[in-house]
Amino acid sequence: RLRIKLWKITHLDLRFESIPQTLIREDGPKRILPVQLNSMSAFVARLPHSRSIEKSMKPLYSLGLGKCHPKDLYKTIRPMQNLRYLGLSYNSAENVGPSRKYDVNWKMERAYFKQIFNKALPKTLTSLEFGTQSSLSQTLIDKILQYIERRSNIKELGLPNEIYYVPGRHFIKSHHIPFLEKIRIPQFCGEGIIRSAKTARQLKSLKFPMITPEGSPRMIDIACLLKSNAASLNELEFLMNASPNPEIFSNLKSLKSLKSLDLTYLIAKPFTVEGLQQLNELIKDGGLLNSLSLTLSTSDDGLKHIAGGLRFQPALQSLNLDFSGSPYFTDASLKCLEENLGSLLALRNLGLNFWSCHRITNDGMKHIRNLLKKLKVLLSFKLTFPNLVDEGIKLVIEGIKYLSILEMVELNFYGSHVSEHLAVSLESTLKGIPSLNTCNINYC
């Protein structure tokens, strides 16, 4: 069935861990291959084998492939001459090692990817992305950077979180990639990737999946990278497991063209007063943002620093605040959000997460209701709040009634005790919003 209708497809994503066994058959109908790494290779390897399939692959310009052998990647990608985006889930450890013959396997991997880069990838390709759960060997990453250095058509590069270091092989070298516009840099990436990223002249998007205390020496390199692209950078994403760094914040304030900022701090302890003041200055004095996402642990007093800066972002259209690691929040925090977020009249997407904020009472939900009453033009609303009773959920429902053009809503009331009457009332309220097309409600 897939072969019959494949000629109509322009986007194809096969990045899944397992495949229905009915799709994975060898020549004999009785034998079914195991639904694991080999099955993905078998499935992908069959796609370009017939002439009709090869012709139908030509219009395809977006492709995502799951874990499979490099040999099958080469056979699959080669007929796609109009491909613009390629997303891969690949693990060097499964194809290179661990093994006593890792040296032979490494040479095999390098040879196949050399063929892929030299013969299979079309000149139309502008975006190459490896999944965050992938793991590439340092020699393969070096090959990728070397390929991008020769091909100015690649504008976007996404590298995985982990690097699989093959014993006895050289480290990643520095490459000249001035035409790159978007890059995702892996954790513990080494100097080669950082130096390569520094050569980008017009970097627009920069993503760091993880910066740990062990990676703190990299902070200086990151600060230099931000400084050298201050005029062009408009999208920035940090996932940190370390305390706020003053040098990073001082460089973030210089990014006047920044439109999207995502800061995630995984440390359990609350921000220091100094860190909160730096964050307030960043939000207040930085460029006008369209999108802001913050994940951190703080208190009622700490939230005042953050919320106070948000009032100076009138152009903000998307806001996501995750305070799931803030158990000391009280109703005063919700009142602070109501007072400061109510003035963001351009806001279209709002996400609030109060998981583990057990000191907030059901009566505090009146501040959520009042906030939604002020933000009547929301298109998307997400709220996570556990252990509520009918009184608190009823106040949320009253607030949702004001969102007349809402298109998507997600309500997570985990562990809440909801009466049947109130559940019917919520369903009736959502049905009364004609523009609503996506709804997700969780009670347990």
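Author: First, a definition: axes are lines fitted to C-alpha atoms, for helices over the stretch in contact, and angles run from 0 to 180 degrees between N-to-C directions. Helices (H or I, at least four residues) and strands (E, at least two) are DSSP runs, numbered from the N terminus. The model is predicted: local features need pLDDT of at least 70, side-chain atom pairs pLDDT 80 or more, while totals for chains, interfaces and linings use all residues. Residues are numbered from 1 along each chain as its sequence is written, and side-chain values use heavy atoms, without hydrogens and water.

Reader: At what angle do α11 and α12 pack?
Author: About 10°, with the axes 7 Å apart. Helix α11 covers residues 273-285 and helix α12 residues 300-310. So α11 is roughly parallel to α12 (angles under 35 degrees count as that).

Reader: Which residues of α11 make the contact?
Author: Leu276, Gln277, Leu279, Asn280, Ile283 and Lys284. Contact means heavy atoms within 4.5 Å. On α12, the residues include His305 and Ile306.

Reader: New topic. How many aromatic pairs?
Author: Nine. Rings of Phe, Tyr and Trp (its six-membered ring) pair if their centres lie within 6.5 Å; planes under 30 degrees apart are stacked, over 60 edge-to-face, the rest tilted. One of them, Phe208 with Phe238, is tilted: 5.3 Å centre to centre, 55° between the planes.

Reader: Where do Phe208 and Phe238 sit in the chain?
Author: Phe208 is in strand β9, Phe238 in strand β10, 30 residues apart.

Reader: Is Phe208 buried or exposed?
Author: Buried, at 4% relative accessible area. Phe238 is buried too, at 1%. Buried means under 20%, exposed over 50%, partly exposed in between (1.4 Å probe, protein chains only).

Definitions and conventions
Parallel < 35°, antiparallel > 145°, perpendicular 65-115°, else oblique.
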